[in-house]
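Student: I would like to work through this model with you, one question at a time. Could we begin with how far it can be trusted and then turn to its architecture?

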Amino acid sequence: MQLASPSPDIAKGGTSHANLEVSGLRVDLGASGRDIVAEISLTVQAGQALGLVGESGSGKTTVALALLGFARPGARIVDGQVLVAGRDLLTMSPPELRELRGSRVSYVPQDPVSALNPSLRIGEQILEVLEEHDYGGSHAARRERMDAVLSDVKLPGNRAFLRRFPHQLSGGQQQRVGLAMAFACVPKVIVMDEPTTGLDVTTQAHILETVRQLGREYAASTVYVSHDLAVVSEIADHVAVMYAGRIIDMGRAADVLGAPEHPYTLALRQALPELKTRRVVNGIPGVPPLPGHRPAGCGFASRCRFAASECRSEMPPLAELRPGRFVRCVRVNAVRQSDVEPAQLDEPSLRPPSQPGAILALRNVRAGFGDTEILHDINLDLMPGKCLALVGESGSGKTTLAKTIAGMHAERTGSIVFRGAELEADSRKRPVETRRLIQYIFQNPFASLSPRRTIGSIIAQPLKLLTDLSRAELDEHVSRSLERVSLRPELVARYPDELSGGERQRVAIARALAVEPELLLCDEVTSALDVSVQALVLKMLRELQRELGLSLLFTTHNLPVVATIADEVIVLQDGYAVEHGPVSQVLHAPTHPYTRALIADSPHLVVTDEVAAGGGETGGVPHP
Amino acid sequence: MTGTVGMRNVADGSEALAVAPALPRVRRRRPPEVVVVARRALRLTKTKIGLGIVVFVVGFAVVGPFVASPPPKSIAGAPFSTASAVNWLGTDALGRSVLSRLLAGGWVILLCGVIAALIGVGVGAALGLMASWRFGLRDEFIMRSLDVILSFPPLILGLLLVSVVGPKLWLIVLAVALWHVPGTGRVVRSVALEVRRRDFVQMAEAIGVPTWRIMGGEILPNITSQVLVEFGLRLTWSIGLIASLSFLGFGRQPPAPDWGYMIYENLVGLSVNPWGVIGPVIMIALLTVGINFITDGIQRSVIGIVRESDAAG
């Protein structure tokens, strides 16, 4: 291979060896000659973890699957080497590959629910892997191995547990079973595709701890694919940042994330909200280029604030700045000199409230389904023009609470007063004016916009129903709403599937704002979005809130997001409001143990590295 | 009704496909989903073959009555005489031209089949939508009523109605349509239930869009392709069922020509002039296979199998 394989590892003594060496890997879209990912070269030493970071569409999952010698239907691995313990995966025959997968190289998928066979008991599930690879040679040896691996992943190995079915386990336990299956045959390489994405922060923190420990104990090379910089910084020794199918930044985790030298990494850092600092998050405008539509030059150039003319004409090489640090950018010096310190979040300048007192007041609200009570005795006041965040993990009742206020969940008791008047439980019984003034934005913009309607028709729907605008006024309102969320008015004729996730969520926001509401209920509106887009949406919501004097109720599981948008926080646990107060107080001096646990378990960007302390290059790193 | 809309748009789609590149429009409006689905389906060879067959059989049955000569009811030779220069496919039990009767005897089956499928799928879809709206009494009532109909074998249901009212063509159509209702209702209910749960439907509900408009404007457009597939399937069954009922003598009354009854009439002469039986059998089989090919293509296109092979190619 003429391609030098850049090793992100600074060799420390002669003990460590690479279990995984990838060089010149390229995956194409069918036989089209258009690449999905290309020029992927990386090395992971035994016992170390590489974080493969990228946003949706960056090609990180394609790389992860290629490490197992697998390409999704429609994709083809056309070039490169994937050496696992010295053997090239890509030249193997299908039977050889089958033998290797699950034993030498294993995979932990994102969603354990769909990865585990729902009709197999946990014990059978794990034994199956061992039997498939004839581990240990005897049944007794395999049973013993199963017990050992179960205790390694901190699952009970007793008979009762082994006889359970996947649906009888919690999400965290299911993912531990996934880990047990991956580690069962003592693999050399483990590829993990966002294994904690669907989990609550506390569970995530525990799983991450286990993953870190197992990687070391088994001396396996771990490739940890994630979109979450904070999670990666906690688990990975090295980081490779992907963008538009290329590795654009690679090196020691603390180095790459702590002192970004690539404009994209820097932008990602600035888009990432942090728990302890109330600062403005800056998104990255624009969308990444898709495979087959990539420009000749640097893929990031069109969104890069450092871009020069040469960036657009030629793809910069992945240059080794110093041993173990690779950056694919010709403007590194400009990036280094840029101002890294982000602006602090200014307090919203309050418009004089339209009426005194709370715009929304809940007293002793209880809600549930049938006999199950989900919300217990909730009280809250939302002041006009303020943003109140409802924080809680899945099952805490935050969405139910938002839907109860919106009138989409009618099974409730207690009193909800909006602008001085009691609200009907069912939104359909509320007067038109009330329905107009309270708007709801759903979590998932892929589900909240009808795929068969044009953007124009989607935004016009509430306008037609809740206002008496004329046809011409309607069109004008629609295009004004689109402009307000920084979307081109031409989009009215498009359909949702022609838009990116961020654009769709902005359409959903535009739809809500079109009718000029006073109270906006935002249900996890950024959780389906990439960080760079999340930052754009958060910033926009904050600005709109100030501009229009909106009152916001913002539900989220993500504490750092709270720090960037909310004025007040209510922490929900199992349907009880356990803590309530201003953001700074709750995040910095939490009183309830549950809040403290949430804060402690929230992943945060780790930019210090004891091992790299002598590096010297990390000076001037902003500490979180 | 859904079916007609679907069929019409299929035609529009292929036309637009040919015209589109020539017109430099500033902002193309995307064609409705059925057109997109149909276009994608037409990329499969199978669909094209199916369409060819169906066009042939339908053309045969529609143009047939006008070109049939000698007239299908007149005696053209000795009974069961074999193929000759005058009677290309020979004559039937009464000495009438098989080809003439074949040409003139298809349109009734075809028309009745289409009407029965339209009514059946239309009513079934409406009931399925209504049942999907909310779990409860209405849902239970609709679905259990449909189960009752479903418990009758289709032929028995037809025979039952015919024996009470008499062999009327409209009754046959109605009986077949009735039998389509429960199956369609179940399919539509299940796909609508999935759409019903989506956020945009909840959204429409929350801002107070009337229920019937949510069903028609939000849910129905998202299940049109599945309804279209169901319609294709039902059309084949309709034609088979109506042919069977005609074979039993409950369809078009003799001496009018009819593919189904022809088979029965000429069965005794099968060894003398097989065309009297084979002719209508081939026509019905061709039609059924053709429609099935198209339906299969549409189904693949709905699921997205075609799209995948696009990516590879």
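Tutor: Let us start with a term: pLDDT is the predictor's confidence in each residue, on a scale from 0 to 100. This is a predicted model, in which local features need pLDDT of at least 70 and side-chain atom pairs count only at pLDDT 80 or more, while totals for chains, interfaces and linings use all residues. Residues are numbered from 1 along each chain as its sequence is written, and chains are lettered from A and ligands numbered from 1 in the order in which they are written.

Student: What is the mean pLDDT of chain B?

Tutor: In chain B, 87% of the residues reach a pLDDT of 70 or more. The mean pLDDT of chain B is 80.

Student: Which element of chain B has the highest mean pLDDT?

Tutor: Elements here are DSSP runs numbered from the N terminus, with helices (H or I) of at least four residues and strands (E) of at least two. The lowest mean pLDDT among the elements of chain B, 36, belongs to helix 1 (residues 2-19) of chain B. Residues 1-28 of chain B have pLDDT below 50, and this stretch makes 32 contacts in the model beyond near neighbours in sequence, a contact being two residues whose C-beta atoms, placed from the backbone, lie within 7 Å. The highest mean, 91, is that of helix 5 (residues 107-133) of chain B.

Student: What is the mean pLDDT of chain A?

Tutor: For chain A, 92% of the residues reach 70 or more, and the mean pLDDT is 86. Below 50 lie residues 1-15 of chain A, a stretch with 28 contacts in the model beyond near neighbours in sequence. For the chain as a whole, the value asked for is 86.

Student: How many helices and strands does chain B have?

Tutor: Read along its sequence, chain B follows the pattern α-α-α-α-α-α-α-α-α-α-α-α-α-α. The count for chain B is therefore 14 helices and 0 strands, helices and strands being DSSP runs.

Student: What is the radius of gyration of chain A?

Tutor: Chain A holds 23 helices and 22 strands, and its C-alpha atoms fill a box of roughly 70 × 65 × 50 Å along the principal axes. The radius of gyration is taken over C-alpha atoms, and the globule rule is 2.2 Å times the number of residues to the power 0.38. For 624 residues a compact globule would have a radius near 25 Å, with which the value of chain A agrees: 26 Å.

Student: What percentage of the residues of chain A is buried?

Tutor: A residue is buried if 20 or more other C-beta atoms lie within 10 Å of its own, exposed if 12 or fewer, and partly exposed in between, with C-beta atoms placed from the backbone. In chain B, 49% of the 313 residues count as buried. Of the 624 residues in chain A, the buried ones make up 50%.

Student: Which strands form the edges of the open sheet in chain A?

Tutor: The open sheet has 8 strands in the order 6-7-8-3-9-10-12-11 of chain A, with mixed pairing, where two strands pair if DSSP finds at least two bridges between them. Each edge strand pairs on one side only, and these strands are strand 6 (105-108) and strand 11 (319-322) of chain A.

Student: In which sense do strand 10 and strand 12 of chain A pair, parallel or antiparallel?

Tutor: Strands of a sheet pair through backbone hydrogen bonds, either parallel or antiparallel. Within this pair, A:Met250 stands opposite A:Phe326 in strand 12 of chain A. Strand 10 (residues 246-252) and strand 12 (residues 325-327) of chain A are joined over 2 bridges, and the sense is antiparallel.

Student: Which helix of chain B supplies the largest share of the side that touches chain A?

Tutor: In the interface, 20 residues of chain B are in contact with 24 residues of chain A. Helix 9 (199-206) and helix 14 (305-312) of chain B each supply at least two residues of that side of chain B. The largest share, 5 residues, comes from helix 9 of chain B.

Student: Is A:Arg419 buried or partly exposed?

Tutor: A:Arg419 lies in the loop between strand 16 (412-418) and strand 17 (421-422) of chain A, and has a positive phi of about 50 degrees although it is not a glycine. With 19 other C-beta atoms within 10 Å, A:Arg419 is partly exposed.
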